[in-house]
Amino acid sequence: MDKIIPYGKQFIDNSDVNFAIEVIRSDWLTQGPRVKEFENAFAEYCGVKFAIAVSSGTAALHLAALAAGFEYGDEAITTPISFVATANCLLYVGAKPIFADIDYNNINIDPKQIQNKITEKTKAVIPVHFAGLPADLPSIYETAQKNKLIVIEDACHALGADYFADGKWHKVGSCEHSDMAVFSFHPVKLMTTGEGGMITTNGEKLYEKLCALRSHGIYKDEETAAEGAWCYDMRELGFNYRLTDFQCALGISQLKKVGLFLNRRRMIAERYNEAFAELQPRIKLPFYDLGKYNPAWHLYILRLADDYLISKRRQIFDELHEKNIKVQIHYRPINRNSYYQKLGYDAEKYINADRYYSECVSLPIYYSLTDDEQGYLIENVKSIIKKFC
């Protein structure tokens, strides 16, 4: 196939384009009415009180860490299997990431390992809903409450995912078992605003602080109004992490398609599961308890299940790329990065995370992946893996 098949890709149609153009041609480009409209629609979708649109998922993580009130030397527990931004947001505010190993089956942070990492310096837990599968939030939140810890969900993979707890289904981002949740709208995610992100919370004080921090730490309220309508007061060191009005217009249009995007990804994942079942036990399929979780399928990850296949992963990866199938690896453990090693983190320390990293290959999954493209992909993945079986 001459066409390149990426591991992830946005889908933009004429309704998205026309809505964004309408705003570009209006009087509003930066902060305008579409920002609040997008925030309200997103909050309604997640079933949460407040949503704050920001310039990226990384900005969302940074602001959440700032709003959490970390002081220098505080610690927060998170997973080594994520994009570096998850841990970097703690370094930005002078806190220290403490990594807890993953559950080998589902790749999410292991709640038991969280308990083992809590010290008097621990202030928060940042679980990641890896690949779109919700972490065990009820267990994590229970542990956090017992130890007076803040919970910040890294939900950048998991827009639209649900988890079952307390006799009902909960939407990721509802913050029913967390203080804040952060999302990304990068083009490889379920929906996009180009770059962009969102923070959700049910805490009014957190909401007010997040709104100020995304715009230079500036407040306008009754106190400033006493001096005059023009007056504002910078009370904290904030940032310009605002999202533009035309990006929010794109977000409003994209959010209406989230159900379509989710259904298509689930269809693709189901076809992968059926097609690759014959390769078991030499490979492992994604593990999800569908009675407890309804994943968003941000990633579809095959895992090589024996030492010989693992030793051939680089060859499998390269051969698929030669076929224009741009598989990817998600992720190299954060602690293996040279910057983290300079900070004193061990390169290889987390048994399950390291084992998972040696096995994983992410296959393309996105809304506009056609049946023919997926068929071509399946055929080549099978033939290449079977060479080593």
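In helix α15, the residues Glu373, Gln374, Tyr376, Leu377, Ile378, Asn380, Val381, Lys382, Ile384 and Ile385 are buried, where buried means under 20% relative accessible area, exposed over 50% and partly exposed in between, with a 1.4 Å probe and protein chains only. The model is a predicted one, in which local features need pLDDT of at least 70 and side-chain atom pairs count only at pLDDT 80 or more, while totals for chains, interfaces and linings use all residues. Residues are numbered from 1 along each chain as its sequence is written, and side-chain values use heavy atoms, with hydrogens and water left out.

Helices (H or I, at least four residues) and strands (E, at least two) are DSSP runs numbered from the N terminus. The 16 residues of α15 (371-386) should span 22 Å at 1.5 Å a residue, and the end C-alpha atoms are 22 Å apart, which agrees; the expected span is 1.5 Å times one less than the number of residues. The buried residues of α15 are covered by elements that include α10 (258-276), β12 (283-284), β14 (300-304), α11 (307-311), α12 and β15 (360-363), with contact taken as heavy atoms within 4.5 Å.

Asn335 lies in the loop between α12 (313-322) and α13 (338-342), and Asn335 counts as buried because its relative accessibility is 0%. A polar atom of the Asn335 side chain lies 2.7 Å from the backbone oxygen of Asp346. Leaving aside neighbours within four places in sequence, the residues in contact with Asn335 include Pro80, Phe99, Tyr340 and Tyr350. Arg336 lies in the loop between α12 and α13 as well, and is buried with a relative accessible area of 17%. Not counting residues up to four places away in sequence, Arg336 touches Gln341, Ala347, Glu348, Asp354 and Tyr357.

Next comes the largest pocket, with a volume of about 340 Å³. Of the 21 residues that line the largest pocket, Phe83, Cys156, Ser184, Lys189 and Tyr331 are the closest to its centre. The elements giving two or more residues to this lining are α3 (57-67) and α4 (85-92), and the largest share, three residues, comes from α3. On a 1 Å grid over the protein atoms alone, a pocket is an open set of points where a 1.4 Å probe fits, with protein on both sides within 12 Å along at least five of seven lines, and lining residues have an atom within 4 Å of a point. Grid points are joined across faces, edges and corners, and a volume is the space filled by probe spheres set on the points.

Nine of the eleven residues of α3 are buried, so α3 is largely enclosed by the rest of the structure. These buried residues pack against β1 (50-54), α4, β5 (150-154), β8 (180-184), β9 (197-201) and α7 (204-213). Ser56 caps the N-terminal end of α3, with a side-chain oxygen 3.4 Å from the backbone nitrogen of Thr58, and α3 is followed by Gly69, whose phi is positive, near 80°.

In β1, five of the five residues are buried. Phe50, Ile52 and Val54 point one way from β1, whereas Ala51 and Ala53 point the other way. In a regular strand the side chains alternate between the two faces of the sheet. β1 and β9 pair in the antiparallel sense over five bridges, strands being paired if DSSP finds at least two bridges between them, and Ala51 stands opposite Thr200 in β9.

Notes:
Polar contact = N/O pair within 3.5 Å; in protein donor to acceptor, adjacent residues only side chain to side chain.
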